[in-house]
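Here is a short briefing on one protein model. Look through the sequence and the 3D view, then read the points below.

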Amino acid sequence: MHVLPALLDAATLGAAGATVYTTVLATVALTSVLAPTPDRRRDARATLTILMRRRPPR
């Protein structure tokens, strides 16, 4: 059974990617709230909007 290790590797990579994406979202969200200047907060909110954009269903 050579399929199982490949599936485990794919699942591990998927989980790592989801973790990195969630960390980036959390960091940008915190920046949008805690940034010292209004310009930085506005830019962080714009970035968060881009990252959270949902694709239409297929």
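Ser 32 sits in helix α1. The model is predicted, so local features need pLDDT of at least 70 and side-chain atom pairs count only at pLDDT 80 or more, while totals for chains, interfaces and linings use all residues. Residues are numbered from 1 along each chain as its sequence is written, and side-chain values use heavy atoms, leaving out hydrogens and water.

**Ser 32**

- Ser 32 counts as buried, at 7% relative accessibility. Buried means under 20% relative accessible area, exposed means over 50%, and partly exposed lies in between (1.4 Å probe, protein chains only).
- The side chain of Ser 32 reaches the backbone oxygen of Ala 29 at 2.7 Å.
- Not counting residues up to four places away in sequence, Ser 32 touches Arg 41, Ala 44, Arg 45 and Leu 48. Contact means heavy atoms within 4.5 Å.

**Overall build**

- The protein chain has two helices and zero strands. Its radius of gyration is 17 Å, well over the 10 Å that the globule rule gives for 58 residues, so the chain is more spread out than a compact globule.
- That radius is taken over C-alpha atoms, and the globule rule is 2.2 Å times the number of residues to the power 0.38.
- Helices (H or I, at least four residues) and strands (E, at least two) are DSSP runs, numbered from the N terminus.
- Along the principal axes, the C-alpha atoms fill a box of roughly 55 × 30 × 10 Å.
- Of the 58 residues, 10% count as buried.
- The protein chain exposes about 5200 Å², and carbon and sulfur atoms supply 67% of it. Accessible areas come from the Shrake-Rupley method with a 1.4 Å probe; for residues, only the protein chains shown count as cover.

**Tyr 21**

- Tyr 21 is also part of helix α1. At 39% relative accessibility, Tyr 21 is partly exposed.
- Leaving aside neighbours within four places in sequence, Tyr 21 is in contact with Leu 51 and Met 52.
- Tyr 21 and Leu 51 are 30 residues apart in sequence, and their C-alpha atoms are 9.2 Å apart in space.

**Leu 30**

- Leu 30 lies in helix α1, which spans residues 3-34. Leu 30 is exposed, with a relative accessible area of 52%.

**Salt bridge**

- How many salt bridges does the structure hold? It holds one.
- The partners are Asp 39 and Arg 42, whose closest N and O atoms are 2.8 Å apart. A salt bridge is a side-chain nitrogen of Lys or Arg within 4 Å of a carboxyl oxygen of Asp or Glu.
- Both partners lie in helix α2 (residues 38-52), three residues apart, about one turn of the helix.
- Asp 39 is partly exposed, at 46% relative accessibility.

How values were computed. A polar contact is a pair of N or O atoms within 3.5 Å; within protein, one must be able to donate a hydrogen and the other to accept it, and residues adjacent in sequence count only if both atoms are side-chain atoms.
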